[in-house]
Amino acid sequence: MSPLLTYVLRHADDNLIVAQRLGELIASMPDLEEDIAVANVGLDHLGQARHFYDYASELDPDSRDEDQFAMERSEREFLNATLVEQPNGDFAQTQMRQFLLDAYQVPLYEAMTASDDARLAAISAKAVKEARYHLERSSAWVVRLGAGTPVSHEKISQAVEYLWPYAGDLFYADDVEEGLAASGVAVDPATVRPTFDATVADVFASANLSVPDDPYARMGGRTGFHTEHLGHLLPEMQSLYRAHPGATW
Amino acid sequence: MNLQDDFDARLAADRKIEPRDWMPEKYRKTMIRQIAQHAHSEIIGQQPEGNWITRAPTLKRKAILMAKVQDEAGHGLYLYSAAETLGVSRDELMDMLHTGRQKYSSIFNYPTLSWADMGAVGWLVDGAAITNQVMLTRTSFGPYARAMIRICKEESFHQRQGYEIMLTLCNGTEAQKAMAQDALDRWWWPSLAMFGPPDAESTHTAQSVAWKIKRETNDELRQKFVDMTVPQAEILGLTIPDPDLVWDADAEHYRFGEIDWDDFWQVVKGDGPCNRERIAHKVKAWEDGAWVREAAVEHAKRAASTTKLAAGGAAL
Ligand SMILES: [Fe+2]
Ligand SMILES: [Fe+2]
Ligand SMILES: [Fe+2]
């Protein structure tokens with residue numbers, strides 16, 4: 001796979017997997033407004049995934065389409081960061097996962113709009129608006145829960161503790177990122193980190209949460225070394241498609 | 001003119017009743033019951049379709065289905081808002097749903113067992129809903145009528161998307177065609193029952209027609225739906241599961257077989273295939289979310305008092 005195809009799939013997969021997780025939650029949220037919001041945010045991520053897959057399809061020597069990428073690859077071929085495949089857990093865990101992703105995607109897409117690659121610049125120009133709106137929502141929830149009741153504070157604190165190591169995986173970089181960043185195509189994740197850290201510090205301060213000082217990060221998603229959760233998500237997502245090879249839907 | 005005469009005159013002149021107008025207590029209660037049941041149906045209706053979001057066979061279908069289920073939640077929201085104008089709170093309405101004191105459409109007490117059900121539900125269930133609801137865009141209570149205008153537009157979109165799923169399946173493999181036929185077999189009769197009991201046995205119809213809440217009877221609407229849907233099934237190459245179905249050329253209507261009303265009443269009374277699960281799911285989501293709603297209220301209170309302090313400080 002060319003480095004550019006790998007790069008595009010890493011971002012496509014982040015969005016597809018989180019959309020799949022959010023899709024699990026529909027009709028299960030604490031109130032009607034959140035049911036609508038979870039579908040809305042999920043649809044945005046699914047839309048972003050599809051734009052990245054479209055581009056991936058053009059770059060792919062086999063011209064695989066979006067459904068082939070989504071439905072025909074196995075666990076070891078998915079390149080999303082381990083954060084997005086983490087289970088929904090309770091509402092605090094869902095919102096924290098979303099917040100960490102949003103805090104990363106906003107500066108990522110902002111930087112990507114300046115890419116020398118016109119396709120990436122166009123995809124991120126649209127995506128960044130959605131990501132800013134997502135970040136507004138998820139930060140508001142982190143603050144509400146962190147500064148809400150003792151129960152909500154406890155739950156959101158546990159969510160931070162659980163998810164923090166997976167957030168580190170968002171910043172993985174290898175030859176793919178580094179090479180493409182040098183040629184002005186990709187965003188070097190290291191350049192996104194300071195904005196991410198500042199957002200987290202800011203929101204956590206309002207939420208009475210402390211930023212974990214454990215430097216451990218569970219890396220590996222970007223090269224297909226996932227947590228065990230992905231191996232449960234994919235068979236469900238792919239079951240119908242795979243039961244009818246070659247069918248049109 | 002006294003209040004009752006004024007109300008009657010508005011109805012006679014086809015003017016809308018608005019929340020601040022005087023209305024007979026029975027009209028208010030009927031309106032609350034009907035709008036709430038409709039809202040509950042939208043909300044519970046998210047479950048059978050939500051059931052296939054994670055397994056949709058393509059990303060495009062997944063997006064369409066997610067958008068549809070989101071629309072249904074939006075319909076619930078407009079309708080709860082319309083009911084709230086009559087002086088009932090969302091929490092009270094939720095409680096009535098959770099405790100079974102208010103009903104929702106029985107159609108959502110059937111399971112979605114294959115992907116073709118996403119087609120059949122859109123085509124038949126949203127189709128029957130539109131047939132029923134178009135008249136509600138002209139219903140006498142203003143907020144309900146206005147909510148229905150928006151809702152009906154989206155429902156007809158859902159209906160077309162559902163039909164399109166069926167069409168794709170029917171042009172597909174043998175297994176896909178069989179899946180489509182099986183879905184029609186299971187959804188046909190419950191869809192006809194959605195229009196409610198025959199006019200002769202319907203307790204609400206006469207008063208509702210007089211109040212211009214309802215403008216056509218159950219049987220009229222059911223006939224309209226059958227006449228519209230049978231030719232669509234023919235285009236799909238599917239067989240309607242009714243041996244008595246015939247075209248009556250003189251009347252220009254399809255004649256159809258007897259609905260199994262015992263089955264219908266059994267489901268209405270709570271013993272359908274999914275009644276218990278649907279409510280249990282809803283109640284669990286609501287109870288699991290209690291700490292979240294409490295945190296939001298607590299935080300809003302604190303934020304409000306901080307703002308007051310800040311404002312007070314500025315005034316000093
Ligand atoms: Fe509806
Ligand atoms: Fe609806
Ligand atoms: Fe609908």
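What pLDDT does chain B average? Chain B averages 93, and 97% of its residues score at least 70. Here pLDDT is the predictor's confidence in each residue, from 0 to 100. The predictor gives the complex an ipTM of 0.98 and a pTM of 0.96.

This is a predicted model, in which local features need pLDDT of at least 70 and side-chain atom pairs count only at pLDDT 80 or more, while totals for chains, interfaces and linings use all residues. Residues are numbered from 1 along each chain as its sequence is written, chains are lettered from A and ligands numbered from 1 in the order in which they are written, and side-chain values use heavy atoms, with hydrogens and water left out.

**View 1. B:E42 and B:E155 coordinate the iron ion (ligand 1).** Their OE donors lie at 2.3 to 2.7 Å. Donors are N, O and S atoms within 2.8 Å of the metal (3.2 Å for Na, K and Ca); water is not among the atoms, so sites may look incomplete. The pair links distant parts of the chain: B:E42 sits in helix 2 (residues 25-44) of chain B and B:E155 in helix 7 (residues 142-170), 113 residues apart. Helices (H or I, at least four residues) and strands (E, at least two) are DSSP runs, numbered from the N terminus. Both B:E42 and B:E155 are buried. Buried means under 20% relative accessible area, exposed over 50%, and partly exposed in between (1.4 Å probe, protein chains only).

**View 2. The iron ion (ligand 2) has a tetrahedral site.** Its protein donors are B:E42 (OE), B:E72 (OE), B:H75 (ND1) and B:E155 (OE), lying 1.9 to 2.2 Å from it. Angles among the 4 donor atoms run from 89 to 131°. Four donors count as tetrahedral if all angles lie between 85 and 135 degrees; four count as square planar and six as octahedral if opposite donors are over 155 degrees apart and all others between 65 and 115; anything else is irregular. Along the chain, the donors follow the spacing E-x29-E-x2-H-x79-E. B:E42 bridges this ion and the iron ion (ligand 1), which lie 3.2 Å apart.

**View 3. The iron ion (ligand 3) has an irregular site.** B:E72 (OE), B:D126 (OD), B:E155 (OE) and B:H158 (ND1) coordinate the ion at 1.9 to 2.3 Å. Angles among the 4 donor atoms span 87 to 146°. The donor residues are spaced E-x53-D-x28-E-x2-H in sequence. B:E155 bridges the iron ion (ligand 3) and the iron ion (ligand 1), 5.2 Å apart. B:E72 lies in helix 4 (residues 59-84) of chain B and B:D126 in helix 6, so the pair ties together parts 54 residues apart in sequence. B:E72 and B:D126 are buried.

**View 4. Helix 8 of chain B bends by about 35° at B:W187.** The bend is the angle between axes fitted to the seven residues ending there and the seven starting there. A proline, B:P190, follows within four residues. The buried residues of the helix include B:W187, B:W188 and B:P190. Among the elements covering the buried residues are helix 6 (116-133) and helix 10 (218-236) of chain B.

**View 5. A:S63 has a positive phi of about 45° although it is not a glycine.** A:S63 lies in the loop between helix 2 (32-59) and helix 3 (66-72) of chain A. This residue is partly exposed, with a relative accessible area of 48%.

Notes: Contact means heavy atoms within 4.5 Å.
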